[in-house]
Amino acid sequence: MKYEIGQSASFSKTIAECDVYGFAGITGDFNPLHVNAEQAKNMPFGRRIVHGMLTASFLSTVIAGKMPGPGTIYMKQEARFLKPVYLGDTITAKVEITELMEKGKAELRTVVTNQDGIMVVDGTALVKLPQTED
C-alpha cells in the first residue's frame with residue numbers, strides 16, 4: 001500500500017455496559033467512577049463514565065485494522081482526554097497521516113469524537129508502517 005499525507009480511516013462503536021465491565025476486568029481498573037452507578041452520582045460527572053483508556057484504545061483498532069493496517073508497529077501515543085464519554089455514547093476514532101518519515105515511520109493525528117461531533121480525545125501517534133512489496 002502507498003501511504004500519503006492526509007490519508008485517513010475511522011472506526012465507530014457505541015459503548016455498552018459489557019464493554020466497560022470487560023475492560024475493568026482485563027485491566028483491574030474498578031474505579032467506582034466507571035463501575036458503580038450509586039457512587040458515581042457523587043463524583044465529578046454525576047454519573048458513570050467510560051474509562052479514558054478504553055475510549056483511546058479504539059485508535060489502535062483503526063491503526064492495526066484499517067490504516068496504516070495489519071503489520072503496523074505502534075511506537076508512541078500521546079493523548080489528551082478532553083471530555084467524558086458516557087455509557088451509550090457512540091464514539092468515532094479517526095487516524096490521519098500527518099507526516100511520512102525516514103525509516104518507514106509516520107506520525108498520525110489521532111482523534112476520538114462522540115455522536116455529537118465533540119472531540120473527547122486528541123493526540124498523536126508514531127508508528128512504523130507495514131513493510132510493503134514494491
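The charged end of R47 sits over the ring of Y86, at 3.5 Å from the ring centre. This contact, like every other feature described here, is taken from a predicted model.

- Five strands make up an open sheet with antiparallel pairing, and their order is β1-β3-β4-β5-β2.
- The edges are held by β1 and by β2 (73–81); each has a single partner strand, so one side of each is left without a neighbour in the sheet.
- On average, neighbouring strands of this sheet are turned by 20° against each other, direction ignored.
- Within the sheet, strand β4 (residues 105–113) pairs with strand β5 (residues 119–128) in the antiparallel sense, over nine bridges.

**The aromatic pair**
- A search of the whole structure finds one aromatic pair.
- The pair consists of F11 and F58, whose rings are stacked, with 5.9 Å from centre to centre and 25° between the planes. The angle qualifies as stacked because planes under 30 degrees apart are counted in that way.
- F11 belongs to strand β1 (residues 8–14) and F58 to helix α4 (residues 52–65), so the pair ties together parts that are 47 residues apart in sequence.
- The two residues fall into separate accessibility classes: F11 is partly exposed, with a relative accessible area of 25%, whereas F58 counts as buried at 9% relative accessibility.

**Backbone features in loops**
- The peptide bond from M67 to P68 is cis, and its omega is near 5°.
- P68 is located in the loop between α4 and β2.
- K103 has a phi near 60°, which is a positive value in a residue other than glycine.
- The loop between β3 and β4 contains K103, and this residue counts as exposed at 68% relative accessibility.

Methods
Residues numbered from 1 in each chain as written. Predicted model: local features only at pLDDT ≥ 70, side-chain atom pairs only at ≥ 80, totals over all residues. Heavy atoms only, no water. Phe/Tyr/Trp six-rings, centres within 6.5 Å; stacked < 30°, edge-to-face > 60°. Helix = DSSP H or I, 4+ residues; strand = E, 2+ residues; numbered from the N terminus. Buried < 20%, exposed > 50% of the residue type's maximum accessible area, 1.4 Å probe, protein only. Lys NZ or Arg CZ within 6 Å of the ring centre and 35° of its normal. Pairing = 2+ DSSP bridges. Axes fitted to C-alpha atoms, helices over the stretch in contact; angles between N-to-C directions.
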